[in-house]
Amino acid sequence: MLLKLINNALQKYLDSDPEIAAKLNKFEGQRLLVHLTDIEKEFLLTPVNSSVVVSEHVVDEDASEESELNITTTIHSNIISLARMGLGAEYRSMLNSGSLKIEGDVEFANQLRSIFIQVDIDWEEIASKYV
């Protein structure tokens, strides 16, 4: 339910802002894995067709390690630090404190962050329809 809410809100926003949606095209084929350390959940953000698909990442113990090589960047963070980063907070202090760790292509993460900072979604309004 939560992922459907996030994906629908992102798609609705990107449909209304073609300039930001177009910026996502250059990231097709790349993937951002977000590991929420405080709840031990992992989510994949995959830019596709001028949009971003958010899905839960479940490790398949039987899969080869090569399938994991498609992940461009991994962010390990607790929910609060990730939210602060997404709201535009300077994240270097979070890196230094250990509440945030970025592995892989840091520039990819920075570019996605700069795009998502521009996204103005009223999450409370959207969530009110489901609560």
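**Core, and what I count as one.** I take a nonpolar core to be a set of buried Ala, Val, Leu, Ile, Met, Phe, Trp, Tyr and Cys residues joined through side-chain atoms within 4.5 Å. Buried means under 20% relative accessible area, exposed means over 50%, and partly exposed is in between, with a 1.4 Å probe and protein chains only. The largest nonpolar core has 27 residues, and Leu24, Leu32, Ile75 and Leu100 touch the most other members. I then checked where this core comes from: helix H1 (2-16), helix H2 (18-24), strands E1 (32-36), E2 (41-48), E3 (51-56) and E5 (100-104), and helix H5 (106-118) each supply at least two of its residues. As background, nonpolar side chains tend to be buried together in soluble globular proteins.

**Ground rules.** This is a predicted model, where local features need pLDDT of at least 70 and side-chain atom pairs count only at pLDDT 80 or more, while totals for chains, interfaces and linings use all residues. Residues are numbered from 1 along each chain as its sequence is written, and side-chain values use heavy atoms, with hydrogens and water left out.

**Confidence.** pLDDT is the predictor's confidence in each residue, from 0 to 100. I read a mean of 83 for the protein chain, with 86% of its residues at 70 or more.

**Layout.** I use DSSP runs for the elements, numbered from the N terminus: helices are H or I with at least four residues, strands are E with at least two. That gives six helices and five strands, in the sequence pattern α-α-β-β-β-β-α-α-β-α-α. Of the 131 residues in the protein chain, 36% are buried. Contact, for me, means heavy atoms within 4.5 Å. Among contacts with a separation of 6 or more, 61% join residues 24 or more positions apart.

**The sheet.** What is the strand order in the sheet? I got E3-E2-E1-E4-E5, an open sheet of five strands with mixed pairing. Two strands pair here if DSSP finds at least two bridges between them. E3 and E5 stand at the edges with a single partner strand each, so one side of each has no neighbour in the sheet. Direction ignored, neighbouring strands are turned by 20° against each other on average.

- E2 and E3 run antiparallel and are joined by six bridges; Thr46 has Val53 in E3 as its bridge partner.
- E1 and E4 run parallel, with five bridges between them; Leu36 has Ser77 in E4 as its bridge partner.
- E4 and E5 are antiparallel over five bridges; His76 has Lys101 in E5 as its bridge partner.

**Strand E4.** Why is E4 described as largely enclosed by the rest of the structure? Four of its five residues are buried. Thr74 sits in E4 (residues 73-77) and counts as buried because its relative accessibility is 12%. Leaving out residues up to four places away in sequence, Thr74 touches Leu33, Lys101, Ile102 and Glu103. With that same exclusion, the contacts of Ile75 include Leu32, Val34, Leu82, Met85, Leu100 and Ala109.

**Two loops with positive phi.** Glu40, in the loop between E1 and E2, has a phi near 50°, a positive value in a residue other than glycine. At 57% relative accessibility, Glu40 is exposed.

Ser50 is in the loop between E2 and E3, and its phi is near 60°, again positive in a residue other than glycine. Is Ser50 exposed or partly exposed? Ser50 is partly exposed, because its relative accessible area is 24%. Beyond its neighbours within four places in sequence, Ser50 is in contact with Leu14, Ala21, Ala22, Leu24 and Asn25. I also noted that Ser50 and Glu28 are 22 residues apart in sequence and 8.4 Å apart in space, C-alpha to C-alpha.

Methods: Axes fitted to C-alpha atoms, helices over the stretch in contact; angles between N-to-C directions.
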